[in-house]
Each structure stands twice: as structure tokens, then as C-alpha cells.
Amino acid sequence: MSLRAATRVTRSLSGLLPRWGHGQAPPLLFSQQRNNSTSPKIRVEFNPTSGVAVMHMQSPPVNSLSLDFLTEFCIGLEKLEMDKGCRGLIITSSQPKVFSAGLDILEMYGKSPERCGEFWKAVQEMWLKLYGSDMITIAAINGSSPAGGCLMALTCDYRIMADQPRYTIGLNETLLGIVAPFWFKDTMANTVGHRTTEMALQLGLLYDPSEALNVGLVDQLVPEDQILSAATQTMTKWLAIPDHARQITKSMMRKPTIDRLTSNREADIQNFVNFITKDSIQKSLRAYLEILKKKKT
Ligand SMILES: CCCCC/C=C\C/C=C\C=C\CC(=O)SCCNC(=O)CCNC(=O)[C@H](O)C(C)(C)COP(=O)(O)OP(=O)(O)OC[C@H]1O[C@@H](n2cnc3c(N)ncnc32)[C@H](O)[C@@H]1OP(=O)(O)O
């Protein structure tokens, strides 16, 4: 059964699920340990001659954005940002078939409000740092990239996707019974326009590469084995533009969107915590996790 079809089953399943109290974790059916490994989740290769860094996301199995992952990602990004020799960043995945599965659902399920708040702050931080980066940022999307994975790609300046029809990309939050926050929505609308975003977000659309190219969600498709060379070629074109002019232009385009979150950060965290700890939302997340597990059997 496809995930999309499986998700439809969530609704009928949810009536069968046991109830549990607000903020109280239901029985743990899922491995909560998967992302606690101490091996680095990000590998950065920096070439001082070209001034370009490649960030490889390597957090098995699907580069989900856990608190640990996001913390490591932001530290890596900050180091590159502070290095005046680094002018460009390519983000890609070392995991087969997946760029990033988006936010780690286990970080949102059965967790205390305090922990959920800490997690959301890290998600905000990742977006603020990447969307506001002075560097040229290119997403080399070599696998599926739903929800938060799509956000991460949208936050870059340019997106190249592997032309593999089984890969999908999109903000599919509504399929999980959750709502894409306003700054996810703003980032997508800034890229593909209001109408496409309105429809995609309501329907939780996941696009295959050609559809994604058609709506402007990605800028270029290439065979998977050429994704890094294509990203490097595009980077060379962008590097030819004087940094200060490009950076001021980027900031002019993105600042109003960034300011909107910056001036509402605490309220946004509170909003997220209130929303995600609701019984009904926890129930949807649980059903979704069960579907992801059952997909294999
Ligand atoms: C009104 C006020 C609004 C305020 C705002 C409030 C709330 C907003 C809240 C949240 C916003 C969230 C955005 C998100 O990013 S939610 C995450 C959405 N992600 C998904 O839906 C992706 C789900 N995964 C997949 O579709 C597939 O896994 C994928 C296509 C990525 C890969 O498929 P593949 O077949 O290769 O791998 P699987 O067998 O499915 O998975 C392997 C393994 O990984 C686990 N897993 C997958 N995705 C996640 C995830 N996102 N988080 C945690 N774990 C994940 C999966 O369960 C398998 O585990 P295991 O069986 O090996 O243990």
C-alpha cells in the first residue's frame, strides 16, 4: 500500500485507537533510540580553493530532523558562515533514496511540552540560519524529501533534484493530520506562488520530480549520478556574481519573511507545543508511525 493510501486509512484507524491523557505518553511501540547514536549526522567537506562546502546528511535511516540532528546541522552551518573563505554550500544526502524524511516524528510523539518546545526552537533555528545565510546555498536532492525535508530544500537558493520518478517532494503535513506552520507556508509561497501553495498545502501534495519542476518547486532535474557535478556547475555560475550585491539582494527578498518569524518566535513555539501535545494530534501521529512500520510487512 502506498503511504498516501495508507494515510487515508489513518482516519478509519484512529477510531480504534486507545485514548490517553494530555501530555501523557502512550505505551512506547516504537524504537525511540534510533537517533541517539553518537556518530556524526553531518559530514562537511570544504574546498578552500573553490570556497565551496558540501554538507552530507548521514543520519540513518532517513535523515529525519531530530533535535540532535538539527543541533549538529546548525553548528556546522554556523562554522561555515563564520569562515570568510566559504562562499557556497551544497546540501545533499548520504542515505540511499532519501534526502530527508522531514521532522523526526518521534520528537513530536509522547514528549513533554518542554522537550517539544526545545525541539521546535531548533527547527526554527535551522530555518532562520539557512534562509538567512550569506552563502550561496544549493540543495542537491538525491531522494525523497517530504515535509520538513522539503522545507530544508526550499530554504536554499537553488534546488536540483534527481530525475527518479519514485522520489517525491512536498509539504505533506495535512496527510499526517498536522498543519504546516506559517513560515513553512511563506517559504513555499515565496518559491512557487500563492495559488500553487494553497492547493499543495491543503491536499498535502507530494510531487514527483517532473511535477516538482513544472510547479517550480525545484529548478532543475538531472540523472541521479550527476547531481553533485550539476550542483557544482550551478555553483560556479552563482560564484561569478559579486558577493555583496547578491547577499543584499537575497536579504531584501527574504527579510520580511524572516522578520515575521523572528518577531513571533516565542508565540510560534507556544503554538506548536499546544498543537502537537493535543490528544487528537498525538493520536494521528501514533497512527502514522504505525503505518510507517507496517509498510514493511
Ligand atoms: C494551527 C497551528 C499550527 C501550528 C503548527 C503546528 C504544528 C506543525 C507541526 C509539524 C510540522 C511537521 C513537518 C514534518 O516534517 S512532519 C514529518 C513528515 N514526514 C513524513 O511524512 C515522511 C514519512 N516517511 C516517509 O514517507 C518514508 O519513510 C520516506 C519516503 C522518507 C522513505 O521511505 P523508505 O521506504 O525508504 O523508508 P521507510 O521504511 O518508510 O522508513 C525507514 C524507517 O524510518 C522511519 N521514519 C521514516 N520517516 C520518519 C520520520 N519523519 N520521523 C521518524 N522516523 C521516520 C520509519 O518509521 C522506518 O523506521 P523503522 O521501521 O526502520 O524503525
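A residue counts as buried here if 20 or more other C-beta atoms lie within 10 Å of its own, as exposed if 12 or fewer do, and as partly exposed in between, with the C-beta atoms placed from the backbone. Take A147: with 26 other C-beta atoms within 10 Å, A147 is buried. We'll come back to that residue.

First, some ground rules. What you have is a predicted model, in which local features need pLDDT of at least 70 and side-chain atom pairs count only at pLDDT 80 or more, while totals for chains, interfaces and linings use all residues. Residue numbers start from 1 along each chain, as its sequence is written.

How far can you trust it? The pLDDT is the predictor's confidence in each residue, on a scale from 0 to 100. Its mean over the protein is 89, and 87% of the residues reach 70 or more. Over residues 1–36, though, the pLDDT is below 50, and beyond near neighbours in sequence this stretch has 42 contacts in the model. A contact means that the C-beta atoms of two residues, placed from the backbone, lie within 7 Å. The model scores ipTM 0.97 and pTM 0.90.

Now the overall build. The protein has 11 helices and 8 strands. These are DSSP runs numbered from the N terminus, where a helix is H or I over at least four residues and a strand is E over at least two. Of the 297 residues, 39% are buried. Look at contacts between residues at least 6 apart in sequence, and 80% of them join residues at least 24 apart.

Next, the inside. A nonpolar core is a set of buried Ala, Val, Leu, Ile, Met, Phe, Trp, Tyr and Cys residues joined through C-beta atoms within 7 Å. The largest one holds 73 residues, and I141 and I169 touch the most other members. Helix α3 gives the most to this core, with 9 residues. Leaving aside residues up to four places away in sequence, I141 touches F99, A153, R159, I160, M161, A162, I169 and V218. In soluble globular proteins, nonpolar side chains tend to be buried together.

The buried residues of α2 are F69, L70, F73 and L77. They cover an arc of only 90 degrees around the axis, so they sit on the same side of α2; the arc is that of the directions from the helix axis to the C-beta atoms. An α-helix has 3.6 residues a turn, so residues three or four places apart point the same way. The buried residues of α2 pack against β1 (42–47) and α3 (113–131), while the face turned away carries the exposed residues I75, E78 and M82.

Helix α6 (residues 194–203) can be read in a similar way. Its buried residues are T197, A200 and L201. Their arc is only 95 degrees around the axis, which puts them on the same side of α6. Their cover includes β7 (169–170) and α5 (182–192). On the face of α6 turned away from the buried side you'll find the exposed residues R195, M199, Q202 and L203. After α6 comes G204, with a positive phi near 60 degrees.

Most residues other than glycine have a negative phi, and most peptide bonds are trans. In the loop between β2 (52–57) and α2, where P61 lies, a cis peptide bond joins P60 and P61, with omega about 0 degrees. N63 lies in the loop between β2 and α2 too, and its phi is positive, near 50 degrees. N63 is buried, with 27 other C-beta atoms within 10 Å.

That brings us back to A147, in the loop between β5 (145–146) and α4 (148–154). Its phi is near 45 degrees, a positive value in a residue other than glycine. Which residues are closest to the ligand? Of the 31 that surround it, the closest are A101, G102, L103, A147 and G148. Being near here means having a C-beta atom, placed from the backbone, within 6 Å of the molecule. Helices α10 (265–276) and α11 (279–294) each supply at least two residues of this shell, and α10 gives the most, with 4 residues.
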